[in-house]
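Here is a short briefing on one protein chain. Look at the structure first, then read the points below.

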Amino acid sequence: MRACVRSTLVALLLPFLPLTTLHAADAVKAQGYAIYYSAVATDTIPAQVAARHGLRRAADAGVVNISVMRGPDAARGTPVAATVRGAAYTLLGKRIALSFRTVDDAGMVYYLATLHIPRPDTLRFVLTVTPAGAAPIAVDFSRDFP
């Protein structure tokens with residue numbers, strides 16, 4: 001069962017993550033949870049995946065994808081509900097508010113937020129992820145958008 005959940009998670013994240021970014025650095029592990037994250041320009045997402053999630057494909061449009069797993073080895077754990085809040089910041093400090101929506105896809109739960117990408121820039125994402133019944137977990141990462 002856990003192997004099935006893990007393979008489903010990889011299948012869901014794969015369209016959002018370039019293969020070069022599928023490594024441990026794309027997760028924050030805390031309190032028995034693993035929080036997986038990605039941020040990409042939507043023009044890198046296959047058209048069929050973008051359509052399924054109602055995403056506009058464009059070089060100046062981005063999507064942030066968050067997934068929360070719980071378990072003794074959180075990478076192969078159980079998806080859990082969470083609240084995700086936060087913002088992105090440009091190199092000049094301009095704040096871009098993020099509004100996350102919950103996607104429940106056959107038992108896999110993940111959170112998507114869309115944003116305008118002011119290219120070229122490096123965006124810093126500052127998020128607070130609160131798994132149901134747990135303390136908030138800080139998720140802070142950066143992505144280059146050349």
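A residue counts as buried when its relative accessible area is under 20%. In this predicted model, buried residues make up 47% of the 146 residues in the chain.

**Overall build**
- The chain has 2 helices and 10 strands.
- Starting at the N terminus, the elements follow the order α-β-β-α-β-β-β-β-β-β-β-β.
- Take the contacts in the chain with a separation of 6 or more: residues 24 or more positions apart account for 61% of them.
- The chain exposes about 7400 Å², and carbon and sulfur atoms supply 57% of that area.

**Aromatic pairs**
- The whole structure holds 2 aromatic pairs.
- In one of them, the ring centres of Tyr37 and Phe141 are 4.2 Å apart and the planes meet at 25°, so this pair is stacked.
- Tyr37 sits in strand 2 (residues 33-41) and Phe141 in strand 10 (residues 137-145), so the pair links parts of the chain 104 residues apart.
- Phe125 and Phe141 also form a stacked pair, with 4.8 Å from centre to centre and 15° between the planes.
- Phe125 lies in strand 9 (residues 121-131), 16 residues from Phe141.
- Tyr37, Phe125 and Phe141 form one aromatic cluster.
- Tyr37 is buried at 8% relative accessible area, and Phe141 is buried at 5%.
- Phe125 is buried too.

**A loop residue**
- Thr90 is in the loop between strand 5 (82-89) and strand 6 (95-98).
- Is Thr90 buried or exposed? Thr90 is buried, because its relative accessible area is 10%.
- Beyond four places away in sequence, Thr90 touches Ile96, Pro118, Asp121, Thr122 and Leu123.

How values were computed:
Residues are numbered from 1 along each chain as its sequence is written. This is a predicted model: local features need pLDDT of at least 70, side-chain atom pairs count only at pLDDT 80 or more; totals for chains, interfaces and linings use all residues. Side-chain values use heavy atoms; hydrogens and water are left out. Helices (H or I, at least four residues) and strands (E, at least two) are DSSP runs, numbered from the N terminus. Buried means under 20% relative accessible area, exposed over 50%, partly exposed in between (1.4 Å probe, protein chains only). Contact means heavy atoms within 4.5 Å. Accessible areas come from the Shrake-Rupley method with a 1.4 Å probe; for residues, only the protein chains shown count as cover. Rings of Phe, Tyr and Trp (its six-membered ring) pair if their centres lie within 6.5 Å; planes under 30 degrees apart count as stacked, over 60 as edge-to-face and the rest as tilted.
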